[in-house]
Amino acid sequence: DLSCHFISALSHNQETHGVGLQSFETDAGTCIPHNDFIKQNYNGMEMASKVCGYVAPSLGTVVVAWFIMECCKKESCWGGKCIPSLLIMGSMVCQALTFLLFQSELFCGNEDIEKCSMGDAGYRSLQACLVYAFSWILFYCGPSPKSLKGVMSSSGSSSRKKKEVKSKPGK
């Protein structure tokens, strides 16, 4: 389960335990959600990581929905590239903020932990940051889409004008 392998925490006795944004690995190797003791002792980094872990894909979903709406409608886009660019940038920043979990005193900064390294879910988070960054560059630097309204109305009106001219005799 990747949800409890964002961080691999190595203890002094060389045992590795996985820690995730919402769960951690027990000595038996099972993932369990953060309990009340852990939640009460969050130092802020854990909560910021957890919230950003939800916000980043949510903003990404809004951007995808925005693009789908833009492709389906005939009129020009709502606000040009500004709002989607900000949403993609927000996704990228929030995804990067999930790495604040490495600053956690509970999971990495206590006397029981020798060092913390990135786990499988941490690498997936890094991949998501890179995908958001690449998407932002493509969207922001790419060409602006043309409105379907102008394409559809200009082709239809020019053919009607030609027919009207041909149908009037004597002029």
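**Burial, strand pairing and disulfides**

Trainee: Is Ser125 buried or exposed?
Mentor: The relative accessibility of Ser125 is 4%. Buried means under 20% relative accessible area, exposed over 50% and partly exposed in between, with a 1.4 Å probe and protein chains only. Ser125 therefore counts as buried.

Trainee: What kind of model is this?
Mentor: Residues are numbered from 1 along each chain as its sequence is written, and side-chain values use heavy atoms, with hydrogens and water left out. Local features need pLDDT of at least 70, side-chain atom pairs count only at pLDDT 80 or more, totals for chains, interfaces and linings use all residues, and the model is predicted.

Trainee: Which residues does Ser125 contact, leaving aside neighbours within four places in sequence?
Mentor: Ser125 lies in helix α4, residues 120-141. Helices (H or I, at least four residues) and strands (E, at least two) are DSSP runs numbered from the N terminus, and contact means heavy atoms within 4.5 Å. With those neighbours left aside, the contacts of Ser125 are Phe6, Gln95, Thr98 and Phe99.

Trainee: How many of the residues of strand β1 are buried?
Mentor: Strand β1 covers residues 7-11. Ile7, Ala9 and Ser11 point one way, while Ser8 and Leu10 point the other way. In a regular strand the side chains alternate between the two faces of the sheet. Strand β1 is largely enclosed by the rest of the structure, because the number of its residues that are buried is five of the five.

Trainee: Which residue of β2 is the bridge partner of Ser8?
Mentor: Two strands pair if DSSP finds at least two bridges between them. Strands β1 and β2 (residues 16-19) run antiparallel and are joined by four bridges. Within β2, the bridge partner of Ser8 is Gly18.

Trainee: What phi does Gln14 take?
Mentor: Gln14 is located in the loop between β1 and β2, a hairpin with four residues between the strands. The phi of Gln14 is positive, in a residue other than glycine, and lies near 65°.

Trainee: Which residue of β5 is the bridge partner of Ile7?
Mentor: Strands β1 and β5 pair over five bridges in the antiparallel sense. Within β5, the bridge partner of Ile7 is Met118.

Trainee: How many residues apart in sequence are the parts that Cys4 and Cys31 tie together?
Mentor: A disulfide is a pair of cysteine sulfur atoms within 2.5 Å, and Cys4 and Cys31 are joined by one, with an S to S distance of 1.6 Å. Cys4 is in the segment before β1 and Cys31 in strand β4 (residues 31-33), so the separation in sequence of the parts tied together is 27 residues.

Trainee: Is the disulfide of Cys108 and Cys116 left-handed or right-handed?
Mentor: The sulfur atoms of Cys108 and Cys116 are 2.1 Å apart and form a disulfide. Cys108 is buried at 15% relative accessibility, whereas Cys116 is partly exposed at 22%. The torsion about the S-S bond is about -115°, so this disulfide is left-handed.

Trainee: What is the relative accessible area of Val51?
Mentor: Val51 has its place in helix α2, residues 45-72. Val51 is partly exposed, and its relative accessible area is 41%.
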